[in-house]
Amino acid sequence: MQLYHIALNNLRRRKARMLFVLLGLSIGMATVVAVYGLLEAMKAEMTRRASEFGANIVITASAGEMAFSYGGITLPEVMFDVEPLTMADVAAIDNIPSRPGVRVVAPKLLGVSTGGGREVIVAGVRPQEEFRVKPWLRLQEAPPRPERKQMAEEKGEAMELDIYYLDLARQDPTKTVLGPRQVLLGSAVAETLGVNSGDRLTLGGQEFTVFGLLKENGSLEDELVIMNLAAAQDLLARPQEVTVIELTTANPAAAEQALLAELSQALPGAQITSVRQETLRRDELLTRMARFGMAVSALILLAGTLVAALAISGSVRERTREIGILRALGFRQSHVAKIIMLEALLVSLGGGILGYAAGVSAARAAGPLLDSGTLAVPWQLDLLAATLLLSLAVGLSAGIFPARQAARLDPAEALRFI
Amino acid sequence: MADVMIALRELKKTYGSADGEVHALRGVTLDINKGEAVAVMGHSGSGKSTLLSIIGALNPPSSGSIEIDGIDIYALSQERRADFRREYLGFVFQQFQLIPYLTALENVLLPLVTTSLPGRRKRELAEQVLCRVGLAGKMNRLPNALSGGEQERVAIARAIVNAPPVLLADEPTGNLDTKTGEEIMALFRELNQDGLTVLMVTHNPDNTRHMGRTIVLKDGLLCQDKAEILSLAAGRGQRRGG
């Protein structure tokens, strides 16, 4: 028999008290784990989205902005003196010293045209560049034509009716070449206009052929009629004009400042935004939230520690006579303290495991509610290890005072020898 | 001249309380030889248990000296005194004082827990002493599954498992019926015959028959008066007769 047998047997005997301490520690640990898990998952999701967002730098036209306020109600900002970007600005980017570090320059013109009796948003792009900065875009292959379906039925074969999607930027670069009179349609606008691949579409009096449809992706592209930049400039009667230039860089973060400075110098009238810096700003906000969350968790954990300390201390008082017997049988003060600390250790270990399981489960349940179903909180071994370490630290802190109290018990007093 | 195991010189113990001081021991001088069996008698409050706790290295005296096997036990540090208790003393407490959530075997193992003996050896020793006190078949029972006499036997086994030279017992038969009490006293006598020095606090004059010497405490002092001893015995006899 060892000291831990005594600790373990005592815990078994005092199940209610042990469960009380276990619950206190578990709740504290679960709160910390849930808050930490959620915040880490939110950070990871933000980083993932930022990395998925192909453009690193976005250049737009500069304009004056003014917000009008009426009796404390502020209306959206009004823009004035907009100085549009031009193809000369796109060319200017090619001349900056850091140009080799820029992988893709994707200029784009946005405007409104009419088609099928409705207003549609036209995006003039350089297709190959555009699809490189937006690698998530997929082309929806045309459904099987009726005659093929009929042939298949005549042969008694099962016809593959599934629509599959082509990765425009990677798998089939030839698909990203649009003719001057060809357009790609976002899924929503295609449905609105009631057109399909191969159909003809009249926009602003000009006739185009629908080259293909884009797979629905839930973003702006679903609403766009995409065509070559030059065709859009012609259609919208805005020659040489560009609304936005998106850049994808291969530069490390350290070189980004230099690139931004060169761009500012080359395009003095433009507004240049770094997506990374924007992300960092949001990250900072998230860090503040994290600090607040962790502070609240720390308070709950402190309360859990105090509950545990009080419960263990109560247990020591209950066992005064028993501790006196152990001391009379030759247990040193340090042996008695070790027994109490071992009990605290065992309970805190259990509290850590339970707290981790409960915390991650809670975070997994809460994640989808916070982030429209996409936030995933994983089971992580390193978080489990950290939780156990924290839990042990909390348990040991809670055990120190009762252990000292137990060790300092006067054995004669404990045995009431008088 | 026989070797002295326990030597007390002018031992005094005073407890302070709100009502004033209580003089539990007022100068006890006593030698107990190795292998001797001594019964300590006296009325309640006479200082018996205080004397036992001081000899048990649990309760420092207010003044005077005490040596066990030549060791001034209160000159030792707290932790060394704990080691001393483990190596030199076996305790049999009033009302057995077994740990309720440990089996008989585990209770007996307690004094060995903090020793450096191998686990198997500890278990062998505990099983041997339990066999010796007649509990071979009940080693794995919890105290509440044992009779009073059996619990007392476990307490005795626990007191002797580390082979101490001195056995201290406080009212070991106080909670037992006469027959079981006699059996336990026979066990004490047997242990004494094996060379163990036994010091037993008791209210029961019948127990003194099993002990080689009886000393009586009165108001914190040793009473040498034979008549006093006889009066204690007679008082006990009257109560039993009544």
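Helices H9 and H12 of chain A are roughly parallel to each other in this predicted model, because their packing angle of about 30° falls under 35 degrees. H9(A) covers residues 275-318, and H12(A) covers residues 381-407. Their axes lie 8 Å apart. The crossing of H9(A) and H12(A) is right-handed.

Which residues of H9(A) meet H12(A)? From H9(A) come Leu301(A), Gly304(A), Thr305(A), Ala308(A), Ala309(A), Ile312(A), Ser313(A) and Val316(A). H12(A) answers with Val394(A), Gly395(A), Ser397(A), Ala398(A), Gly399(A), Phe401(A), Pro402(A), Gln405(A) and Ala406(A). By class, this helix contact holds 10 nonpolar and seven polar residues. No charged residue takes part in the contact of H9(A) with H12(A).

Now step back to chain A as a whole. Chain A has 418 residues, and 36% of them are buried. Its secondary structure comprises 13 helices and 16 strands.

Next come the nonpolar cores. In soluble globular proteins, nonpolar side chains tend to be buried together. Here the largest nonpolar core contains 125 residues. Ile340(A), Val40(B) and Leu167(B) have the most contacts inside this core.

Val40(B) deserves a look of its own. Neighbours within four places in sequence are set aside here.

Finally, turn to where the two chains meet. The contact takes 23 residues from chain A and 27 residues from chain B. On the chain B side, three helices each supply at least two residues: H1 (48-55), H2 (78-88) and H3 (104-113). Which element gives the most to the side of chain B that touches chain A? H2(B) does, with six residues. What classes of residue make up this side of chain B? The side has 14 nonpolar, eight polar and five charged residues.

Notes:
Residues numbered from 1 in each chain as written. Chains lettered and ligands numbered in written order. Predicted model: local features only at pLDDT ≥ 70, side-chain atom pairs only at ≥ 80, totals over all residues. Core = buried A, V, L, I, M, F, W, Y, C linked by C-beta atoms within 7 Å. Buried ≥ 20, exposed ≤ 12 C-beta atoms within 10 Å, placed from the backbone. Contact = placed C-beta atoms within 7 Å. Axes fitted to C-alpha atoms, helices over the stretch in contact; angles between N-to-C directions. Helix = DSSP H or I, 4+ residues; strand = E, 2+ residues; numbered from the N terminus. Parallel < 35°, antiparallel > 145°, perpendicular 65-115°, else oblique. Left-handed = near helix turned anticlockwise from the far one by under 90°. Nonpolar A, V, L, I, M, F, W, Y, C, P; charged D, E, K, R; others polar.
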